[in-house]
Amino acid sequence: MWFAPESRLVDNMQYEYQPEPSLSKPDTILIVEDNKDVAESLAALIEECGCGSCTAFDGRSALRLVAQNSPDLILLDVNLPDVDGFTICAELKRNELTRLIPVIIITAFADRSAQLKSIQAGAEGYLQKPVDAEELNLRIQSLLRAKRLNDSLEPAESVIFALARMVEAKDEYTEGHLQRLATYASAIGARLNLSNIALTALRYGALLHDVGKVGIDETIIRKPGRLTIEEQYVMQQHTLIGERIVAPLRMAARVGPIVRHHHERWDGGGYPDGLAGHDIPLGARIVAVVDAFDAMTTQRPYNKILSYQAALERLWEGAGSAWDLDVVTVFAGWLADEGLVRSAVRPRRRSFS
Ligand SMILES: [Fe+2]
């Protein structure tokens with residue numbers, strides 16, 4: 001066989017996951033500023049602070065750069081051509097993968113309401129233009145100190161979420177996939193009246209379900225056509241690798257089963273263990289539904305984009321065989337209440353008699 005056996009793959013993953021010593025890496029600051037001159041002067045100030053920088057000129061590029069580069073701090077202008085800085089900041093703080101990156105919001109006006117909006121959006125700092133070099137330096141140093149402390153307190157968690165970010169960034173077709181899954185899964189979990197801890201585990205499970213793909217050959221992940229039997233075997237290892245990766249999490253006992261079992265099928269035909277029905281952990285049944293839905297409604301190398309309504313109809317077709325009917329029913333209700341689909345009613349099966 002040309003592929004590595006499972007245990008070998010897992011061992012390789014553990015080797016690859018040793019984080020680099022942070023001492024050798026200068027801190028990188030992302031500047032989000034649409035004015036080129038201002039961005040350049042901020043970059044010069046950052047260099048004086050002994051840090052590196054990169055620049056995004058609009059909000060969407062900023063989110064992409066955060067996903068790809070995981071900066072240590074973000075300087076965020078409020079007035080951007082596409083999305084305002086408060087919205088970007090709030091989005092970063094809602095996302096487990098990015099919420100610990102400190103954000104300093106920079107505004108052009110001495111405005112109390114802008115300051116309050118910055119606090120509301122979760123920003124760690126607020127500065128007015130023109131930026132005072134000394135104040136900027138002090139704020140950067142103090143926020144980077146706090147971040148390093150945070151990182152050292154939660155090394156396992158931050159490394160694991162960084163890996164999830166890497167997996168997402170590796171695949172151009174799945175941008176925003178993890179966050180959408182977390183939103184869908186949380187909505188279902190809330191409707192099922194799950195406890196707060198179960199909801200948090202579900203959110204983590206949604207964000208980390210494919211983290212094991214970090215150990216899978218990229219040519220297999222991106223392959224446009226059908227996978228060979230050998231390639232399928234390799235691909236399936238991502239559930240087991242993922243379970244090992246999330247093992248250091250404090251919530252591993254709840255998150256691990258979601259990661260391991262998110263490709264099980266209700267009828268027992270899935271992997272890795274061929275579990276069926278209610279033997280499949282509820283979180284894994286939820287993630288399986290929302291993962292399939294998001295794959296159908298976003299561009300992938302192997303499918304066309306379906307409308308939300310058409311994707312829901314596919315879910316109905318597979319409910320009771322691929323997916324848990326109860327979970328699909330709850331998800332359909334939420335999609336309809338959000339106005340994302342016309343009808344949440346399960347279509348009647350066609351009769352050929
Ligand atoms: Fe997966």
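1. Strand 4 sends Val-103, Ile-105 and Thr-107 one way and Ile-104 and Ile-106 the other, and all are buried. Buried here means 20 or more other C-beta atoms within 10 Å of the residue's own, with C-beta atoms placed from the backbone. In a regular strand, side chains alternate between the two faces of the sheet. Strand 4 covers residues 103-107, and five of its five residues are buried.

2. A word on the basis. This is a predicted model: local features need pLDDT of at least 70, side-chain atom pairs count only at pLDDT 80 or more, and totals for chains, interfaces and linings use all residues. Residues are numbered from 1 along each chain as its sequence is written. Helices (H or I, at least four residues) and strands (E, at least two) are DSSP runs, numbered from the N terminus.

3. Strand 4 pairs with strand 3 (residues 73-77) in the parallel sense, over four bridges. Pairing requires at least two DSSP bridges between the strands. Ile-74 has Val-103 of strand 4 as its bridge partner. Strand 3, helix 4 (residues 85-94) and strand 4 form a right-handed β-α-β unit. Right-handed means that, with the strands pointing away from the viewer, the path from the first strand over the helix to the second runs clockwise.

4. Strand 4 also runs parallel to strand 5 (residues 125-128), joined by four bridges. Ile-105 has Tyr-126 of strand 5 as its bridge partner. Strand 4, helix 5 (residues 112-121) and strand 5 make a right-handed β-α-β unit.

5. Helix 11 (residues 229-246) has 18 residues and reaches 27 Å from first C-alpha to last, close to the 26 Å expected at 1.5 Å a residue. The expected span is 1.5 Å times one less than the number of residues. A kink of about 25 degrees is centred on Thr-239. The bend is the angle between axes fitted to the seven residues ending there and the seven starting there. Buried residues of helix 11 include Thr-239, Gly-242, Ile-245 and Val-246.

6. The largest nonpolar core has 51 residues; Val-211 and Phe-331 are among those with the most contacts inside it. Such a core is a set of buried Ala, Val, Leu, Ile, Met, Phe, Trp, Tyr and Cys residues joined through C-beta atoms within 7 Å. Helix 13 gives the most to this core, with eight residues.

7. Val-211 touches Gly-242, Ile-245 and Val-246, among others, not counting residues up to four places away in sequence. Contact means C-beta atoms, placed from the backbone, within 7 Å.

Conventions:
A residue is buried if 20 or more other C-beta atoms lie within 10 Å of its own, exposed if 12 or fewer, and partly exposed in between; C-beta atoms are placed from the backbone. Two residues are in contact if their C-beta atoms, placed from the backbone, lie within 7 Å.
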